[in-house]
Amino acid sequence: MHHGPRTVVLDGGRIVGFDDAAVEVVDLGDVTLMPGLVDAHTHLVFEPGGDTVGDMTSLPREDLLERMRRHAVKALRAGITTVRDLGDRDYLAVDLRESTSGLLPEILAAGPPITTPGGHCWFLGGEVPADSDALIDAVAERLARGVDVVKVMATGGGITAGSSPHQSQYDLDQLSAIVDAAHSVGLPVTAHAHGGDGIRDAVRAGVDGIEHATFLTPDGATPDWGTIREIIVAGTYVGVTAGRLLGDDTPPTPPHVIKARAFLPQMLREGARVVCSSDAGIIAYKPHHCLPHGLPEFQRFSALSPSAVLTSVTRLAAESCGLGARKGRIAPGYDADLLAVSGNPTSDLTAVRSVSAVYRAGTPVDLS
């Protein structure tokens, strides 16, 4: 971190150096310049507060793609320069990633998440029976469609009727088949997992990331410290989807979520690699620009310093997405994805919401 005036030199979408007087200078004024935010868990296809199941089963591709573009632009204007879409319909995030229509965040796409028939997010079209051969074929399909990451629903989830978040959908052998098939062709795997058994099996199968990792039970949340220590030893990233808007009409944090966050500080003290993300789109108070709004609440849950929270949505988030060699830092050779904010977010995280300028690959973003 550098305090005081600083010139960052950009060339061709990359950062090439600092303090070079022989270049055209853009004076951003009295701002804090930081790397663009990385939202490692979002759903661009979901309309916050909308009819998710109805939309996914009825709306045309073109309508959904335009919606996703609108959501991506909203995220970019909030300083989120990279998004990892962990569940869409029809591989639309791949299409959007390849789009040349307007400036967008960098998009990593998972396509339809692998889930059991009628399982969590079945309406995205990724239903695969609990059969190792079928699961291997599902990975091959995703490779052929050009995904960046494979997403699997190891347990049920809260937005799917008839699905129980604490119950497993695939067992260890089936999750291992997915991971082995994906890793053999260079694709990472991240697993949605709430229940303790599903988290344990996903970690032992060798997934690269666990989304949520809440250790939910039928009536609360109880951490399994044996599994948590396996997560730490394996270096598995833990995605805590804490980003949300906080306002007078935001419902209070549910008791089971409070229980699921209570063990975060000890996880972090013991060395867990915890990323703050948003899960944007799944509910009304998680619009696609919500990540910076959730940082103070994530700090309260995690007991991290403001600087460590910022790391969790920049460098660490980039690393969890496989982009740590070119995103998440302001350094020569890194992408010129930059966020300028008024105030000092290392002492007040709400400053991240006071956006003065955003650059995506060296191009200034229209904030109007």
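Student: Where does Ala325 lie?

Tutor: Ala325 sits in the loop between α12 (315-320) and β13 (338-341). Helices here are DSSP runs of H or I with at least four residues, strands are runs of E with at least two, and both are numbered from the N terminus. This is a predicted model, in which local features need pLDDT of at least 70 and side-chain atom pairs count only at pLDDT 80 or more, while totals for chains, interfaces and linings use all residues. Residues are numbered from 1 along each chain as its sequence is written, and side-chain values use heavy atoms, with hydrogens and water left out.

Student: Is Ala325 buried or exposed?

Tutor: First the scale. Buried means under 20% relative accessible area, exposed means over 50%, and partly exposed lies in between, with a 1.4 Å probe and protein chains only. Ala325 has a relative accessible area of 68%, so the residue is exposed.

Student: How many bridges join β13 to β14?

Tutor: 4 bridges join them. In that pairing, Ala340 has Ala357 in β14 as its bridge partner. On the other pairing of β13, with β3, there are also 4 bridges. There, Pro35 is partnered by Leu338. β14 (residues 355-360) pairs with β15 over 2 bridges. Arg360 stands opposite Thr363 in that strand.

Student: Which way do the residues of β13 point?

Tutor: Leu338 and Ala340 point one way. Leu339 and Val341 point the other way. All four are buried.

Student: Which residues have a positive phi?

Tutor: Most residues other than glycine have a negative phi. His212 has a phi near 85 degrees. Phe215 has a phi near 55 degrees. His212 counts as buried at 8% relative accessibility, and Phe215 is buried at 1%.

Student: What surrounds His212?

Tutor: Beyond neighbours within four places in sequence, His212 is in contact with His41, His192, Ala193, His194, Gly239, Thr241 and Asp279. The side chain of His192 makes a polar contact with the side chain of His212 at 3.3 Å. A polar contact is a pair of N or O atoms within 3.5 Å; within protein, one must be able to donate a hydrogen and the other to accept it, and residues adjacent in sequence count only if both atoms are side-chain atoms.

Student: How many cavities does a search of the whole structure find?

Tutor: Rolling a probe the size of a water molecule over the atoms shows where empty space is left. On a 1 Å grid over the protein atoms alone, a cavity is a set of points where a 1.4 Å probe fits but cannot get out; a pocket is an open set with protein on both sides within 12 Å along at least five of seven lines; lining residues have an atom within 4 Å of a point. Grid points are joined across faces, edges and corners, and a volume is the space filled by probe spheres set on the points. The search finds 3 cavities of 30 Å³ or more. The largest cavity holds about 100 Å³. Its lining has 17 residues, and Arg84, Thr190, Gly209, Glu211 and Ser320 lie nearest the centre.

Student: What volume has the second largest pocket?

Tutor: About 690 Å³. The second largest pocket is lined by 36 residues, with His194, Thr241, His256, Val257 and Ile282 nearest its centre. Elements giving two or more residues to that lining include β9 (209-217) and α8 (255-261).

Note on methods: Pairing = 2+ DSSP bridges. Contact = heavy atoms within 4.5 Å.
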